[in-house]
Amino acid sequence: MGAELAIRLRNVVKRYGPITAVDGLDLDVPLGTCVGLLGPNGAGKSTTMRLLTAQSIADEGELEVLGFRLPEESKQARAECGVTPQLDNLDTTLTVEQNLLVFSHLYRIPRAERRDAIERALVMAKLVDRRDSRVDKLSGGMRRRLLISRALVHRPRLVLLDEPTVGLDPQVRQELWALVDALRSEGTTILMSTHYIEEAQRLADTVLIMSHGKAVAVGPPSELVMEHAGREVLEVYGPPARLAEVEAQAGEAGMRTRRTGTSISILSIDGDNLGFDGERRPANLEDVFVLLTGEEIG
Amino acid sequence: MATAEARPARLGRLERSALTGVLVREVVNYSSYWKSSTFSSTVEPTIYLLAFGFGFGSLVSTIGGYDYVDFVGTGTVATAVLFSSAFPAMFGTFVKYSFQRTYDAILAAPVDTEELVTAESLWIATRAGVYGCVPMIVAIFFGLDPSWGMLAVPFIGWIAGFGWANFGISIAGFAKSFENFNYVVSAVLTPLFLLAGSFFPLSGFPDWAQALAQLNPLYHCVQLIRDAVFGFEGWVDVYHVAVLVAFGLLTWRVAIFAMQRKLID
């Protein structure tokens, strides 16, 4: 059977009226790896996440999660998954501990193990001394840590993180990365959607770049960068007219370029500067992303 | 390579552990708002009782063969059941799926819409059964004679509350916005509320209105509660129970259908 897959999607299509949110998506998440779904807003990442919990039902295609066929066997799959939604849906008038208690029941943790499971989640969320605080008294970062550890209370084999750090301060984001990284090193399989390049580059073993409901590239971040943007990039600054000129000349020379706000980047500039005057820098996943999706990211 | 025997059995419908999970959430939440909820469920019917009891009671002393306090005291029980089930179901459901997104979280766990709706309506029904007894207890202080049949009242309230809860959940499921509730309250609940014989007997109404009352679950709830308190009357009460059970089963399936449409796309 080859490498065991935690998630296997084949030619999945999901339409909402005239809009095709997911358009023939193939996705493999091998057990024990972290896969990042990277794409701009509206690329179909959240819809994909909802399909995996059967909160959306695909119009076409095959979906398997932990060996269970969706949507028929979705409930078994959900029992072994942990899900962190993009929008916080904690019970805000309950305490931290009460929120975890509720989910220990929803995820069917046997009575004898419940206490330990809640303690473990409190430690993971670094909220042991805030256990009796009401959720609406917590900071944004604390709430997000609780939201993630709530999804882990039953030690799921597969964790789905939908934009886990969206809208958070950079500092809080790094805290959460540490949490996800710890989870990954324990061997938990993770599928994470994000539109932060750095997040995908740091955490994901494999990145799937999504645009308009389709996968436009799949691979380890470093390989994607190498393949599409080369080792180094030359960034040329100048007024708009000059940038257009550079773009045209680079194009004639057979080079690929991408626009940033105030500059133009010439990709895969591994030899000399080809006569252009600019700054060299290492190529990164953002270059690949913009090149392939044609979209800037926030 | 197919390891069918190693796979856990397919999970069934309406599993106890799924229902328990949703109920635990409600019970834990209730611990944070029980005071306000108990306050309004107690004070509201008491005000009705006092207003009608003293207001009308000074004009009429007996009605349909009952002391007016006895009549209105038992009638208010059904009103309390309605208020503590249909309204929380409508508003609570709407808030939980659209503002708090609670249902998104629950459905990502091993809980299906059918289980979610069932657990929510069981919980609301239980609360309605308990809160429904409050006006009866208040009425005892105003002169309603205690009777053994009163012990059946929480169960009647539970059955009716289950139906009203599912009615409310259905409305929330079909509603496009919060404002839509106004139509339901004005055009459906208020007429049902008045055409139930809670505060005055329906004998003065035209025949068509009395016939219409037979379709009103609240009317059957009122009649059944009066009969429980003042003495059951045999088959006619079996008929009232049957109507309430049918109402509950019908709205239960409709509520599941409506929420499935709302929550799963």
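## A hairpin in chain A

In the hairpin of E9(A) and E10(A), A:His212 takes a positive phi near 50 degrees, and 2 residues lie between the strands. Strands here are DSSP runs of E with at least two residues, helices are runs of H or I with at least four, and both are numbered from the N terminus.

Strand E9 (residues 206–211) of chain A and strand E10 (residues 214–219) of chain A run antiparallel, joined by 5 bridges. Strands pair if DSSP finds at least two bridges between them. A:Leu208 has A:Val218 as its bridge partner in E10(A).

## The model

This is a predicted model: local features need pLDDT of at least 70, side-chain atom pairs count only at pLDDT 80 or more, and totals for chains, interfaces and linings use all residues. Residues are numbered from 1 along each chain as its sequence is written, with chains lettered from A and ligands numbered from 1 in the order in which they are written.

## Where the chains meet

Chain A brings 24 residues into contact with 26 residues of chain B. Contact means C-beta atoms, placed from the backbone, within 7 Å. Helix H2 (74–79) and helix H3 (96–106) of chain A are the elements giving two or more residues to chain A's side. H3(A) gives the most, with 5 residues.

## Two helices in chain B

Helix H2 (residues 68–83) and helix H9 (residues 217–230) of chain B pack at about 135 degrees, their axes 8 Å apart. Axes are lines fitted to C-alpha atoms over the stretch in contact, and angles run from 0 to 180 degrees between N-to-C directions. H2(B) is therefore oblique to H9(B); oblique covers what is left after under 35 degrees (roughly parallel), over 145 (roughly antiparallel) and 65 to 115 (roughly perpendicular).

Definitions and conventions. Contact = placed C-beta atoms within 7 Å.
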